[in-house]
Each structure stands twice: as C-alpha cells, then as structure tokens.
Amino acid sequence: MDRINGLSDEIICHILSFLPTKESALTSVLSKRWRNLFALTPNLCLVDDLEVGGCGQSLVDFVDRVLVVSSNFPIREFSIKCRKSIDSGQFTWWMIELVNRGVVNLGIDVIAGPHREAILLPIEMFTCNNTMVELKLATGRFEAMLPDEDVSLPSLKTLFLERICFYNTDFCVLGKLLFASPLLEEFTIRCVGSWQYGSCCRNVSSSTLKKLTIVSTPQLDFWDMLFDTPNLAYLEYTGLVPREYPTVNLESLVEAKLDLSFCLGISNPTNLIKGLTNVEVLELSSVKTSEMFYYFREAIPVFGNLFRLSITTDLEFYNWKYFPILIMISPNLHTLVIKGPLHADECEGEYGLSCPVKVLKITEYGGKSGELKRMKHLLEKLACLELVKVRACAINDKEKSRITKDLLMVPRSFNCNIQVKFSEKTK
C-alpha cells in the first residue's frame, strides 16, 4: 500500500480506469486522499444492481457526485444500464454535462420513470458534439428535435438508436443525421412505428457506411426508400416494402439479412432485389420475405457470388414452391441453411440440373413422416451434397435412435455424410 501511495494521482487514476466502476469506487474508503480519485477516471460504466447503489435514487446520487467531484475533468466513456425508476430529466442533464466534457463513447440503456417516460435528448447532442465517436441509446423511449441548421457529428463512427422519435416535420431527419456524420461506419435504428413524426423519410445516403441495421414495424405510409451506400458491407433490414426504391447502390454488399413484408399491387422491391446481386451471404428471415422473392422472381439477377443462403420456414404458411427460386440462379452456392421445420406438401420443385450446394444445415427436425419425406426430396435434388448437418429434437433415447436410423437410411450420393445432433424437447 505504501508503494501505491507513493504514486501520483494521475497514475492511480489511470490504474483505476481499468477496473469496473464498482471496484474502483470501493477504493474511496482507503483514505481521505483516495475518497474522490475514482471519480477522476475517464471511464464510468454502471450496470443494474451489480454496480454502486444499484439503480434508483442511490444511483442518481452516485452519478451526480461523480460529475460534481470531477468538475471539468474529461470523461472518455460513460455507459449506464438501468431497469429501475430514474427521472427522465436526470438523463438529459447528464447528457449535457457529458457532451460538454468531451465524452467519446456514450451508452444509455435505460427505462426512465415509473411510467416509462420519454427521455429528451438535448440539442447539444447534435450541435456541440465534436468528440463523440460512439453513441448508443437503447431500451427506453427517446425524443429529439434536430435544429434546422448546425447539426454536426464530425467524429461519430457508430450510432445506435432504439425507440426514438424525432419531432421534425420540415426535413428528412435520417438524411440530415447521415450528412452530419462524415465518418459514420455503423448505423442501427430500431423503432416501434416511425422514427420521425408524421411521414417518415427513409433516405439512406452515405459513402462511409459499412454496416446498417434498420428495424421498423410495418406501416402503411409507403414512402419511397433509397439506399445510396456504395461501401456498405452488411445490411439487416426489417420492415414494409415501400412503393419504390428509386436508388439502390449496394455494390460492396457482402451480407444481407432481410425480414420484409409487402402488399401486392403497392409494394415494389424490384430495384432492391437487383441491388443484391453481389451479396455473398443472404438470409431470408421470414416466410413473407421468401414469398416476396417468389412473386417478384423476374427481377432476381444471377447471384454469382452467393456462397451461403439461409431460409426461414414454418409449418403454417411456408410454401415449398418458394424454395428453389434462389438456388437455381446461384451457381456458386456452397451452404444452404433451413431455419425452421420441414414438412411435405405437393410442391416438390426442381433445383436446376447442376445445383452446387455442398453443405445442408437443418435447424429443426422432429422425425415425423412429412419431415422425412421432405428430407428425402432435398437429398435427391441436391446431388452435390457432401455434408448434411441436422439439429433434431427427441424426447428419449429410443426416439433419438429411430430418428438417426431413418436419416442414415435416406438415399444419397456415396460421398455425402449425415451428422445428427439432438436437443431435448418436452412432451
């Protein structure tokens, strides 16, 4: 302890910055000198009841104390995850303080107030924020109003917005945020409903964006949407297909995960489908998405780079006539993943004369006769298969033995191996 006391405050604070906030705060009882040193560390990370005082008023008092004691000391990282009641105004005040201190990474994952009140984002978050590199707002409800001018986020590289609503009506909020963030590489926006009051503009234009996640519940406003993102490598997109995609520039796209619904006669995904031509990994995360590709199959290009395809099925709505559409026009497809149950229907389908799939993965297999029939059809049509990996469910060892035996007896090429792994299921 004498050796540590011989160190300067600056070095001690640097050491404390590597500790969880809970542990660094405990050092305040060591001596009068140590009482406030933990508050001078550049990182403050608080998670639920595991941290100092838990959530609620004790946590408010703790954060207020840190901000007062540290005065104008710069804070590099501030993150809080809280599931108990804290007045929403506290978060607004904290954000103003943190922006003024030059915070670099800010993460707020909270539910504010006893009635889940919205947290108001201060205007300083968007106008006086020259240092922030990462901003994550999650779980709670957030509200904001961008100024007409002077929006500037020159250092921002990662932006995560969940359950947020901007009350601007005179301009496209999404476009303004992206234009104000010239270094932005990763952008996630998840909303129940619209992220902008009134009609929601969905223009995504950025030359720096590499990873984009858009998740919104379907709405019947049918605004057009554009993707002008020439360097985007990953796209996760959930929502309702609009009337049109006037511009789709996804020339660098490597991986796409789509969960899209559509309305026949109104929605038009043609340009979006054509824009996926260079994708290497594609996941259709809902039956509706597979149905969309089927109904607009004339727009589908040859997927010359597609290496891995994942398709989600279900027992009630999935029609196996959707299944061959992408397989037949993917000459380099290596791995096919079926996420969901197998079942037999009247639509057997053809997969092309030289379907190249070498690995087939089945994630839900129960061993029923309809599933076995579908498995036989798959192994018959996918003539180049070398490996079939099946995740099966069974109640007991007897059922495991039966399922394994049935699968191993399925006719297939001599060099095709079948691997079966079981997960338990309840009766």
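Okay, hi everyone. Before we start, what you see is a predicted model: local features need pLDDT of at least 70, side-chain atom pairs count only at pLDDT 80 or more, and totals for chains, interfaces and linings use all residues. Residues are numbered from 1 along each chain as its sequence is written, and side-chain values use heavy atoms, with hydrogens and water left out.

So, the overview. We have 12 helices and 21 strands in the chain. Those are DSSP runs numbered from the N terminus: helices are H or I with at least four residues, strands are E with at least two. Of the 427 residues, 49% are buried, and buried means under 20% relative accessible area, with a 1.4 Å probe and protein chains only. Now take contacts, meaning heavy atoms within 4.5 Å. Among those between residues at least 6 apart in sequence, 67% join residues at least 24 apart.

Next, the sheet. In what order do the 3 strands of the open sheet come? It's S10-S12-S14, with parallel pairing. Two strands count as paired if DSSP finds at least two bridges between them. S10 (202-205) and S14 (248-249) are at the edges with a single partner strand each, so one side of each has no neighbour in the sheet.

Let's walk across. S10 is joined to S12, residues 225-228, by 4 bridges. Arg-202 sits opposite Met-225 in S12, and Ser-205 faces Asp-228 in S12. On we go: 2 bridges link S12 to S14, and here Asp-228 stands opposite Asn-249 in S14.

Together with Met-145 and Tyr-167, Tyr-197 makes a nonpolar surface patch of about 330 Å². Patch residues have over 30% relative accessible area and no salt bridge; like charges are joined within 9 Å, nonpolar side chains (Val, Leu, Ile, Met, Phe, Trp, Tyr) within 5 Å. A salt bridge is a side-chain nitrogen of Lys or Arg within 4 Å of a carboxyl oxygen of Asp or Glu.

Last stop, helix H9, residues 287-295. How many of its 9 residues are buried? The count is 7, so to speak, mostly covered. Among them are Val-287, Met-292, Phe-293 and Tyr-294. The cover includes strand S15 (255-261), helix H8 (270-275) and helix H10 (324-327).

That's my tour, thanks!

Definitions and conventions: Accessible areas come from the Shrake-Rupley method with a 1.4 Å probe; for residues, only the protein chains shown count as cover. Buried means under 20% relative accessible area, exposed over 50%, partly exposed in between (1.4 Å probe, protein chains only).
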